[in-house]
Amino acid sequence: MSIQMREEDFTGNAVIDAQHQTLVELLNSTIESVRESCDLEDIFLKLFELQTYVDYHFRCEEIEMGVLDDPEEFRHINHHHNLLYTLNKCISHYGSRHIKNDQLIEEICQCLLDHICKDSQQIKSYIHQHSLQ
Ligand SMILES: [Fe+2]
Ligand SMILES: [Fe+2]
């Protein structure tokens with residue numbers, strides 16, 4: 001069963017929504033690879049692709065939020081740094097065999113789905129405030 005975005009996860013910002021959807025697709029293909037593949041190199045290629053896209057998405061989102069004159073921009077950027085740090089730590093723990101497949105999947109899902117859910121609420125309220133000004 002693959003992860004799908006719910007209606008309430010869409011922010012109304014086309015760039016961010018499209019990137020969140022790409023993130024979910026990459027997350028699904030990473031989970032599939034971790035579950036199905038016996039080739040560790042294949043798994044790590046997926047994990048690094050996901051990690052690179054998350055980093056790219058955060059930079060784009062920070063630019064978008066800057067454009068929207070986000071009053072909580074610094075808190076949001078800090079949240080991105082922490083999330084990227086957690087994701088990197090989780091991948092390196094997997095590499096050093098400190099965590100197994102199930103825990104890796106659980107942790108990356110928690111990281112990224114938490115991001116999408118929280119972002120959708122924050123960004124929606126910024127867009128709403130901005131559109132009232
Ligand atoms: Fe986001
Ligand atoms: Fe964000």
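**Burial, helices and core**

Author: Of the 133 residues in the chain, 23% are buried; a residue is buried if 20 or more other C-beta atoms lie within 10 Å of its own, exposed if 12 or fewer, and partly exposed in between, with C-beta atoms placed from the backbone. This is a predicted model, in which local features need pLDDT of at least 70 and side-chain atom pairs count only at pLDDT 80 or more, while totals for chains, interfaces and linings use all residues. Residues are numbered from 1 along each chain as its sequence is written, and chains are lettered from A and ligands numbered from 1 in the order in which they are written.

Reader: Which residues have the most contacts inside the largest nonpolar core?

Author: They are L23 and L27, in a core of 15 residues. A nonpolar core is a set of buried Ala, Val, Leu, Ile, Met, Phe, Trp, Tyr and Cys residues joined through C-beta atoms within 7 Å. At least two residues of this core come from each of α1 (14–36), α2 (40–67), α3 (73–95) and α4 (101–132).

Reader: What is L27 in contact with, leaving aside neighbours within four places in sequence?

Author: L27 is then in contact with I3, L50, I108, C109 and L112; two residues are in contact if their C-beta atoms, placed from the backbone, lie within 7 Å.

Reader: Which residues of α1 are buried?

Author: They are I16, Q19, H20, L23, L26, L27, T30 and I31.

Reader: Turning to another place, where is R97?

Author: R97 lies in the loop between α3 and α4. Its phi is positive, about 65 degrees, although R97 is not a glycine.

Reader: Why does R97 count as exposed?

Author: R97 counts as exposed because it has 7 C-beta neighbours inside 10 Å.

Reader: And G95, why is that one partly exposed?

Author: G95, found in helix α3, has 13 C-beta neighbours inside 10 Å and therefore counts as partly exposed.

Reader: Lastly, what box do the C-alpha atoms of the chain fill?

Author: Taken along the principal axes, the box is roughly 55 × 30 × 20 Å.

How values were computed: Helix = DSSP H or I, 4+ residues; strand = E, 2+ residues; numbered from the N terminus.
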